[in-house]
Amino acid sequence: MLIGLCGSMLAGKQSVVTYLVDCQGFSRLHLAPTASTTISSSAAARHTLLDPPKGPECNVFRKVEELVDYITKRWQHRWVTTDIWDENVLEKLLRRPSFFLVSVDAPLGLRWQRCKKRCASDGQRAPSLEEFVARNDDHLHNRNMGLARLIDRAEVRLVNCSDDLEQLYRTLEELDLPNEQRLRPNWDQYFMQLASLAAQRSNCMKRRVGSVLVREKRVISTGYNGTPRYLKNCNEGGCQLSAE
């Protein structure tokens, strides 16, 4: 399993990584920025005040293909990374069924307070709120390197509304990110997702309903509500109840 973390700056991604490594047995992977992501990575490092990877235990890869090959051969292990620089990296990671993306966010005011504390501890000048908002907008919505498009594609969204680390850890424990069913649904989830998909074919103007007929875990048929065959669809005026 490989969990990718993305999100707004100073939202708490590093705290989530620490939890996964210390409490859930994950190991961290680092992906070095390429020439096309150098500006994005330097901006991300400046905005989030990240520390560069160090120590012999760090797994650093120059190319995303190398990282993908590494985790494919070790798919039974638990991995986590925050180095998803752009959609190109994300697309290549999504090809592996053992990967899923988690976004981490926090209120803007809270993230600004975190930034001021971080700068004070590092002896740096803290940005004003206006400067922080400008950096945040650039981090998320820059035309070439904004991360908002990645965040929109996250399968799990975590909102970190507190500086209480214990509360964050409790939330993560309840969220149960390492649950294997996130990668492969159980039978009930699978059939319910099929029913939900079938409901999208409904032409009823009041309610969409889908169904799946199953025997011994094999799909026999699917269906959805609407007018009988050969009659006008509800959305074409074939059902008087739709007009009431």
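## Helix packing and nonpolar cores

Let's start with a helix pair: α3 (residues 64-73) packs against α4 (residues 87-94) at an angle of about 25°, and their axes are 10 Å apart. Because angles under 35 degrees count as roughly parallel, α3 is roughly parallel to α4. Please keep in mind that this is a predicted model.

**The α3–α4 contact**

- The crossing of α3 past α4 is right-handed.
- On the α3 side, the contact is made by Val64, Glu65, Leu67 and Val68, which meet Val89, Lys92 and Leu93 of α4.
- Sorted by class, this contact of α3 with α4 holds five nonpolar and two charged residues, with no polar ones.

**The largest nonpolar core**

- The largest nonpolar core has 24 residues, and those touching the most other members are Leu2, Leu29, Leu67, Ile84 and Leu93.

**A closer look at Leu29**

- Leaving aside residues up to four places away in sequence, Leu29 touches Leu2, Asn59, Phe61, Leu67, Tyr70, Ile71, Trp79, Val80, Thr81 and Asp83.

**A separate core**

- Another core, of 19 residues, lies apart from the largest one; Ala11, Val102, Val104 and Val156 are among its members.

Conventions
Residues numbered from 1 in each chain as written. Predicted model: local features only at pLDDT ≥ 70, side-chain atom pairs only at ≥ 80, totals over all residues. Heavy atoms only, no water. Axes fitted to C-alpha atoms, helices over the stretch in contact; angles between N-to-C directions. Helix = DSSP H or I, 4+ residues; strand = E, 2+ residues; numbered from the N terminus. Parallel < 35°, antiparallel > 145°, perpendicular 65-115°, else oblique. Left-handed = near helix turned anticlockwise from the far one by under 90°. Contact = heavy atoms within 4.5 Å. Nonpolar A, V, L, I, M, F, W, Y, C, P; charged D, E, K, R; others polar. Core = buried A, V, L, I, M, F, W, Y, C linked by side-chain atoms within 4.5 Å. Buried < 20%, exposed > 50% of the residue type's maximum accessible area, 1.4 Å probe, protein only.
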